[in-house]
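Thank you all for coming.

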Amino acid sequence: MDFSLTEDRRMLSDSLNRFISDKYGYDHRVKVAYDAPFHDTALWAEMCELGVLYALAPEDAGGFGGAGFDITTVFEALGRGICPAPVLGSLLASKLLTAAGADQSALLDGSVRYAVAIGELDAPYDLDAIETEAKDGKLTGRKAVVYGGADAKVFLVAARSGGTLAVYEVKASDAQVTGYALIDGGGAAELFLDATPGTEVLADATAALEDALDAGRLALCAEAVGAMDATNEILLDYLRTRKQFGVAIGKFQALQHRAVDLVTEIEQARSITILAASKMGAEEQAKFVAMAKTLIGRAARLVAEEAIQMHGGIAMTWEAAVSHYAKRLVMIDAQLGDVDYHLERVIATYAA
Amino acid sequence: MDLSFTKEEEAFRDEVRTFLADNLPDDLAEKVRIGGELEKHDMERWHAILNDKGWLAYGWPVEFGGTGWSPVEKHIFEEEAARANAPRIVPFGLAMLGPVLQKFGSKEQQDHYLPRILDGTDWWCQGYSEPGAGSDLASLKTRAVRDGDEYVINGQKTWTTLGQHADWIFCLVRTKTDGKPQEGISFILVDLATPGIEMRPIKLIEGGHEVNEVFFTDVRVPAANLVGEENMGWTIAKFLLGHERTNIAGVGFSMKALEEVKALARRTKRNGKPLIENPLFAARIADVEIELEAMKITNLRMLYTAQTQGAPGPETSILKIKGTVIRQALNDLARRALGPAAAPFPSEAMFGNAALVEAGDVNNAADYFNNRKLSIFGGSNEIQRNILTKAMLEL
Ligand SMILES: Cc1cc2nc3c(=O)[nH]c(=O)nc-3n(C[C@H](O)[C@H](O)[C@H](O)COP(=O)(O)OP(=O)(O)OC[C@H]3O[C@@H](n4cnc5c(N)ncnc54)[C@H](O)[C@@H]3O)c2cc1C
């Protein structure tokens, strides 16, 4: 048994944490996260030089990582600094291109930003309900809330072709892309396809899509763990320093026990994320990722709501970092399957 | 035991419903329904409509231009107004200062200020909280020093809701620094146009401008603007806290929100089926609905006590706690029902999609985040629990 990170991952974690706290500090983050392109493109290039994207892909695809713990290492750091860089889209795209055996050097060196368009308004999480159609290399449909889509050059789009789900590469310049900020910062887009040309990347793609989505879900879990740790530090600091009735509010037992409950939930969240990371590539991957995303969805919302409540009014302000962490923590649940969606996946494993 | 309303009360409900159907402008109701931001003129317009009918000051006694309604009638009005998506009546002049002046104000103050609240001449805001004095309000530091016929005020207020629209602010200020902190507080009315006042906006978590900070530097206020005696402010503050507690549960808002959540869950789909057919989500809705049905009766029971035995007791804190938890749970469900589509910011971005706008599926994440305030302001839910611990449980 060994719960420590390998030397390589520890170095990546340290350098990414340092990079984000030095360059993507809170003030800068809030400044860029809500205006197009919703992240700092110069910092994107610098971040890619650190090897962040290479860490997400296996060696035979041109990277130097790609395992569950590589993904969690990167995303925990992104979460700790609520970094709005569109890394999630790159991870999903890298997984799909790896499955296709396609060249992804331009993705991994960060020069071409990819986004993956799967969900639709009436099919936010479920592949089965996707309605976008592909016929003779032309795609028609609408993809909703495509993460990182606001300034992606290339979209990998899931569309129905005959009876199966396939993945197509669509150039942003060929489609209608409406970018916008998300309430928790960072960008997304609506992708409107109307007989838009696309090149088939994967023909029968359901398994590859599920696998890519699982990687994304694991990433979001790790991001939440990082953000919960940071939120908890902010909260404890406030409980120690904010005074009412002549004492630090952290002296009130009514708050003390709740702070302990949060720490308990965060440790549980960390554990299930480690468990899910260890199952990546194994037969039980889907089940444990679903378990993790369920627990994280619950824990992250609790941490967000309690952190706001125990701060009082100050956490209701844009100026307070805790409000931005709280938004990120709550909204993670709506990405790639919420608590209920994944609870159903866990329940489905009980069927004989 | 009889849970039905009397014939008169039912007739009253019909009258309110008819009035709302005939007089609430559609565009206002629609704005409220989709959670759009109400502008000053929107609120003023609704106030004026109610004032024409004589229903604006629905909590005031008749002698001051109010309705003289019973607690049950007030409740019926609030419930129907919420159901019809009427804008909320801005409480600072009507529900807060009005009753204070009626109880503690001089005849001159009553004659001068009350009509101006009714006709909309003066928009009031509430200056209680300070950066260092939130839950521990009595520790407030803003100083008012008597100088001839005037008080000179120095200090800072914060969280001033809708102060950007206001003409006047009623403040708790420190007029004595020795003795118990509660004993050195006064209640004073300040014209916001007085030199030395600066108001700065505070941006809230969801991006909206609803609260402000107010800075006072050598602000000279006529001594005649004091309400009650000097150093009587704490008594007034406590009176206000105990006063308008009928709508504290927000039952009408919750009933409306529940309806919206159900409608939303019928429109949005998961796995190719309406979300409401998903047993997990349906169970979440049912859990809240059950709480709300019980809350309605808890609320009516406390109203009944107020109606039959005079003022309600500290147990109304139960209404505040449970009522806000229910409202927040409904905001949470609306956000979940929308899934990723709740995230675009500002939400207008989504509104290339006419279907979503029409459906009113907007601003749900923003509403959810904004309404975290419900359990913080007006005495946080922790403070309410402290009150109950002492006053009701006697622990
Ligand atoms: C959107 C919004 C609008 C507002 N509008 C107005 C307004 O118009 N006018 C106005 O005057 N004020 C207004 N307020 C201020 C509001 O009343 C205060 O935020 C509230 O009283 C809490 O004070 P605080 O924010 O300083 O939190 P604090 O008092 O610092 O509390 C921090 C945390 O400690 C807890 N706590 C404090 N004391 C105890 C205790 N003894 N036991 C257990 N827990 C405790 C609190 O419950 C909270 O969880 C508004 C606030 C908000 C957020």
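Two packed helices are described by the angle between their axes and the distance between the axes. Here an axis is a line fitted to C-alpha atoms, for helices over the stretch in contact, and angles run from 0 to 180 degrees between N-to-C directions. Helices (H or I, at least four residues) and strands (E, at least two) are DSSP runs, numbered from the N terminus.

Before I use these terms, please note that this is a predicted model, in which local features need pLDDT of at least 70 and side-chain atom pairs count only at pLDDT 80 or more, while totals for chains, interfaces and linings use all residues. Residues are numbered from 1 along each chain as its sequence is written, chains are lettered from A and ligands numbered from 1 in the order in which they are written, and side-chain values use heavy atoms, with hydrogens and water left out.

Now to chain B, where helix α9 (residues 279–309) and helix α10 (residues 316–338) pack at an angle of about 155 degrees, with their axes 10 Å apart. That makes α9(B) roughly antiparallel to α10(B), since angles under 35 degrees count as roughly parallel, over 145 as roughly antiparallel, 65 to 115 as roughly perpendicular and the rest as oblique.

For a second pair, α1 (residues 7–23) and α3 (residues 40–53) of chain B, the axes come within 12 Å and cross at roughly 135 degrees, and α1(B) and α3(B) are therefore oblique to each other.

Where does the ligand lie? The ligand is found between chains A and B, and 31 residues surround it, each with a heavy atom within 4 Å; the closest are A:Arg242, A:Gln309, B:Ser135, B:Thr161 and B:Ser380.

Turning to individual distances, a side-chain N or O atom of A:Arg242 is 2.7 Å from an oxygen atom of the ligand. A backbone N or O atom of A:Gly313 lies 2.8 Å from a ligand oxygen atom, whereas for B:Trp159 a backbone N or O atom lies 2.8 Å from a nitrogen atom of the ligand.

Finally, two details of the chain A backbone. A:Ala36 and A:Pro37 are joined by a cis peptide bond, with omega about 5 degrees, and A:Pro37 sits in the loop between α2 (26–33) and α3 (41–49) of chain A. A:Ile82, in the loop between α4 (68–80) and α5 (87–100) of chain A, has a positive phi, near 25 degrees. Most residues other than glycine have a negative phi, and most peptide bonds are trans.

Key: A polar contact is a pair of N or O atoms within 3.5 Å; within protein, one must be able to donate a hydrogen and the other to accept it, and residues adjacent in sequence count only if both atoms are side-chain atoms.
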